[in-house]
Amino acid sequence: MFTIEHEFDSTVITLVDEGGPHLTDDVAVNVFEDCVTLEQHDTVTDRLQRITLSLRQASDLAAALNLPEGSYRIEKREVT
């Protein structure tokens, strides 16, 4: 399950784990104008953990989810 909320300066996607007996805390994906952050509460340290991706890294990650094992580089093509 996931939710999508539009904030003033970002879009927030929250991923809720409904997978089984060993559930993890929700993951919040914050999409800003210039980056994407992933946030999850760490129950061991009782702190919020954050990873920041550039928009290019986020784009590469999205593409990688649908590709087989290997090394790739996504080339941008100009539209004329």
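Predicted model: local features only at pLDDT ≥ 70, side-chain atom pairs only at ≥ 80, totals over all residues.
## Strand pairing

Strand β1 covers residues 2–6, and strand β2 covers residues 11–15. The two run antiparallel and are joined by five bridges. A hairpin of four residues connects β1 to β2. Within this pairing, His6 stands opposite Thr11 in β2.

Strand β3 spans 27–31 and pairs with β4 in an antiparallel arrangement through five bridges. Three residues lie between β3 and β4 in their hairpin. Val29 stands opposite Leu38 in β4. Strand β4 (residues 35–42) is also antiparallel to β5 (residues 47–54), and eight bridges join β4 to β5. Thr37 stands opposite Thr52 in β5. The hairpin of β4 and β5 has four residues between the strands, and Asp46 in that turn has a positive phi of about 55°.

## Salt bridges

The structure holds two salt bridges. One is formed by Arg50 and Glu39, whose closest N and O atoms are 2.7 Å apart. Arg50 lies in β5 and Glu39 in β4, so this pair ties together parts that are eleven residues apart in sequence.

Arg56 and Asp60 form a salt bridge with closest N and O atoms 3.7 Å apart. Both residues belong to helix α1 (residues 55–64), where they sit four residues apart, or about one turn of the helix. Arg56 is partly exposed, with a relative accessibility of 38%. Asp60 is also partly exposed, with a relative accessible area of 32%.

## Nonpolar surface patch

Phe2, Ile4 and Leu15 make up a nonpolar patch on the surface. Together the three residues have about 310 Å² of accessible area. Phe2 is located in strand β1 and is exposed, at 53% relative accessibility. In a regular strand, side chains alternate between the two faces of the sheet.

## Largest pocket

The largest pocket holds about 200 Å³ of space. Its lining consists of Ile13, Leu15, Val29, Val36, Leu38, Leu53, Ala58, Leu61, Ala62 and Leu65. Strands β2 and β4 and helix α1 each supply at least two residues of this lining. Helix α1 gives the largest share, three residues.

## The loop between β2 and β3

Glu18 lies in the loop between β2 and β3. Glu18 is exposed, with a relative accessible area of 58%. From Glu18 to Asp34 the separation is 16 residues in sequence and 30 Å in space, taken from C-alpha to C-alpha.

Technical notes
Residues numbered from 1 in each chain as written. Heavy atoms only, no water. Buried < 20%, exposed > 50% of the residue type's maximum accessible area, 1.4 Å probe, protein only. Pairing = 2+ DSSP bridges. Salt bridge = Lys/Arg side-chain N within 4 Å of Asp/Glu carboxyl O. Patch = residues over 30% accessible without salt bridge, like charges linked within 9 Å, V, L, I, M, F, W, Y side chains within 5 Å. Areas by Shrake-Rupley, 256 points an atom, 1.4 Å probe, with all protein chains shown as cover. 1 Å grid on protein atoms, 1.4 Å probe; cavity = no way out; pocket = protein on both sides within 12 Å on 5 of 7 lines; lining within 4 Å. Points joined across faces, edges and corners; volume = space filled by probe spheres on them.
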